[in-house]
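Here's a quick briefing to read with the model open beside you.

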Amino acid sequence: MENEEDPVKKQQIVDARARNVSHNVRCLECGSQSIEESQADIVVLLRKLIRDEIKLGKSNKDIYKKLEDEYGEMILYAPKFDWQTAASWLSPVARGNMTTRIKFEKGL
């Protein structure tokens with residue numbers, strides 16, 4: 001009985017990982033939805049690619065890298081953090097700190 005459930009369990013794990021990865025990948029056609037939510041034609045291919053990569057034993061990081069290499073950084077919802085994107089990532093933090101400091105100095 002355990003051997004019969006094993007393939008089912010493995011498929012459930014693949015499906016769960018694929019959904020998790022898919023939520024972090026932007027639909028190239030609509031741009032405002034993940035490929036998990038989108039109904040565009042291209043997402044069928046992207047979902048299959050993700051599942052195939054998982055079945056091959058690739059890590060999520062490897063899958064994101066492959067998607068980024070093939071489709072560009074815009075396919076990922078969370079762009080990488082590097083010197084070029086540091087200002088975009090850190091500006092809300094700096095702005096929040098400055099606002100807090102100003103309020104503190106004014107006694108608000």
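The sulfur of C30 has its closest cysteine sulfur in C27, at 3.3 Å, which is too far for a bond, because a disulfide is a pair of cysteine sulfur atoms within 2.5 Å. Keep in mind that this is a predicted model: local features need pLDDT of at least 70, side-chain atom pairs count only at pLDDT 80 or more, and totals for chains, interfaces and linings use all residues. Residues are numbered from 1 along each chain as its sequence is written, and side-chain values use heavy atoms, with hydrogens and water left out.

**Cysteines**
- By that rule, the disulfide count comes to zero.
- C27 counts as buried, at 0% relative accessibility, while C30 is partly exposed at 35% relative accessible area (buried is under 20%, exposed over 50%, partly exposed in between; 1.4 Å probe, protein chains only).

**Overall build**
- The protein has four helices and zero strands (DSSP runs numbered from the N terminus: H or I, at least four residues, for helices; E, at least two, for strands).
- Of its 108 residues, 24% count as buried.

**Nonpolar core**
- The largest nonpolar core has 17 residues, and V25, I35, I50 and L67 have the most contacts inside it (such a core is a set of buried Ala, Val, Leu, Ile, Met, Phe, Trp, Tyr and Cys residues joined through side-chain atoms within 4.5 Å).
- α1 (2-22), α2 (41-55) and α3 (60-71) each supply at least two residues of this core, and α2 gives the most, with five.
- L67 touches V25, L46, L49, I50, G72 and I75, leaving aside residues up to four places away in sequence (contact means heavy atoms within 4.5 Å).
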